Amino acid sequence: MIGGAGFKLSHLQAMLLFALFVSMAFGFLSRRQPLERFKYIVWSLLLFLLVGVGIGWAMYPFSR
Amino acid sequence: MTEETTAQAAPQQYSQREKIAFIIGIAGWLLPGLGHALLKMWGRAVACFLLVGLLVFFGAGMRGNLFSSNGSDAFDSLGYLADLGTGTFYLLARTLEKSGPDVSHAGGDYGTRFLATAGVLNLLAALHAYEAARGRKA
């Protein structure tokens with residue numbers, strides 16, 4: 001159904017998508033009020049990205 | 001007399017509630033969002049369905065590894081359990097991934113994580129629906 005090559009996403013795009021989907025799932029499951037949900041999703045997304053980029057930089061010295 | 005009847009009815013009601021909650025949990029696992037839909041939690045139902053579906057769609061599209069039951073080591077078995085967490089979407093992922101997995105590039109590796117995460121998130125959602133049906137939390 002999906003072509004042989006599949007989607008071509010960069011590391012950053014894949015990480016952004018992953019963080020967005022998981023943050024939204026967490027937000028919808030753990031908060032009831034729309035505003036609280038939105039805040040939770042944004043906060044969770046930012047933390048995902050911060051930790052992801054942080055771990056990426058922490059691994060940089062060992063990359064070669 | 002009334003008190004005795006009430007005392008007898010309480011465990012029956014509890015048992016009935018447990019049964020319904022279990023069925024709701026299983027339904028939520030089989031079809032993402034169905035557990036919440038049965039509880040009339042429409043927002044959560046739609047969110048679970050779409051988010052798990054999107055993770056499976058992108059995971060399969062990036063040619064992630066969809067584990068099967070005949071794995072060779074513990075990681076394969078754990079991966080299979082995680083993938084199975086998506087319920088019927090596991091079969092959907094198999095249908096979508098016509099060319100098979102390709103983890104020789106980063107995209108395929110990300111795809112594997114997407115698929116496993118979709119399963120684990122769906123299990124979390126099914127457990128949430130089960131707990132909500134038991135009246136524990138919502």
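At what angle do helix H1 of chain A and H3(B) pack, and how far apart are their axes? In this predicted model, the angle is about 160°. The axes lie 10 Å apart. Angles over 145 degrees count as roughly antiparallel, so H1(A) and H3(B) are roughly antiparallel to each other. The crossing of H1(A) past H3(B) is left-handed.

Residues from both helices build this contact. H1(A), which spans residues 11–30, contributes Leu17(A), Phe21(A), Met24(A), Ala25(A), Phe28(A) and Leu29(A). From H3(B) come Gly43(B), Arg44(B), Ala47(B), Leu51(B), Leu54(B), Leu55(B) and Phe58(B). By class, the residues of the contact of H1(A) with H3(B) are 11 nonpolar, 1 polar and 1 charged.

Is Arg44(B) buried or exposed? A residue counts as buried if 20 or more other C-beta atoms lie within 10 Å of its own. Arg44(B) has 23 such atoms within 10 Å, so Arg44(B) is buried. Beyond its neighbours within four places in sequence, Arg44(B) is in contact with Phe28(A), Leu29(A) and His36(B). Thr95(B) is 51 residues away from Arg44(B) along the chain. The C-alpha atoms of these two residues are separated by 26 Å.

Chain A was then considered as a whole. Its secondary structure comprises 2 helices and 0 strands. Of its 64 residues, 20% are buried. Its radius of gyration is 15 Å, whereas a compact globule of 64 residues would have a value near 11 Å. Along the principal axes, the C-alpha atoms of chain A fill a box of roughly 45 × 40 × 10 Å.

Definitions and conventions. Residues numbered from 1 in each chain as written. Chains lettered and ligands numbered in written order. Predicted model: local features only at pLDDT ≥ 70, side-chain atom pairs only at ≥ 80, totals over all residues. Buried ≥ 20, exposed ≤ 12 C-beta atoms within 10 Å, placed from the backbone. Contact = placed C-beta atoms within 7 Å. Helix = DSSP H or I, 4+ residues; strand = E, 2+ residues; numbered from the N terminus. Rg over C-alpha atoms; globule rule 2.2 N^0.38 Å. Axes fitted to C-alpha atoms, helices over the stretch in contact; angles between N-to-C directions. Parallel < 35°, antiparallel > 145°, perpendicular 65-115°, else oblique. Left-handed = near helix turned anticlockwise from the far one by under 90°. Nonpolar A, V, L, I, M, F, W, Y, C, P; charged D, E, K, R; others polar.
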